[in-house]
Amino acid sequence: MTSKAPAISLDPATCPVRQVLHGVSDKWSILVMAALHLSPRRFSELRRDIPDVSQKVLTQTLRKLERDGLVERIVTPTAPPRVDYFLRPLGQSLFSRLSPLAVWAIEHRAEIDAARASYDDRT
């Protein structure tokens, strides 16, 4: 039995799937949303949570997620200013759909690693 997905344009200029996923499907966006899903975080906390992301890439990722309405940046006027990031309802909604993918990745990592090793041995 096949499910009926709505017909969508696959044209790069008009495809809504391409347009939305382009901004949120990279590993840094997913990892940032995973961290913010747990609780609001300051920039330095996100850097500690995701130690292999550079400051520049984290800044770009947060700006992109903020632009898409997934993350909100709150500045508290203190000395120095305190900046917190949290997932907006739209970001929570997206993350709830990404969570099963993360669970699948955890459950099947050994199989993927074995398949990669087998492929690498053949090539």
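Two strands count as paired if DSSP finds at least two bridges between them, and strands themselves are DSSP runs (E, at least two residues; helices are H or I, at least four), numbered from the N terminus. You have a predicted model open, where local features need pLDDT of at least 70, side-chain atom pairs count only at pLDDT 80 or more, and totals for chains, interfaces and linings use all residues. Residues are numbered from 1 along each chain as its sequence is written, and side-chain values use heavy atoms, leaving out hydrogens and water.

**The sheet.** Select 71-76 and 82-87: these are β2 and β3, antiparallel and joined by six bridges.

**Across the strands.** Next, pick I74, which stands opposite D84 in β3. The D84 side chain meets R82 in a salt bridge (2.7 Å, N to O); the term means a Lys or Arg side-chain nitrogen within 4 Å of an Asp or Glu carboxyl oxygen. D84 is buried at 14% relative accessibility, while R82 is partly exposed at 35% (buried is under 20% relative accessible area, exposed over 50%, partly exposed in between; 1.4 Å probe, protein chains only).

**Two more bridges.** Show K64 and D26, with closest N and O atoms 2.6 Å apart. K64 is in helix α4 (55-67) and D26 in the loop between α1 and α2, so the pair ties together parts 38 residues apart in sequence. Finish on R109 and D113, a salt bridge at 3.5 Å; they are four residues apart in helix α5 (89-122), about one helical turn.
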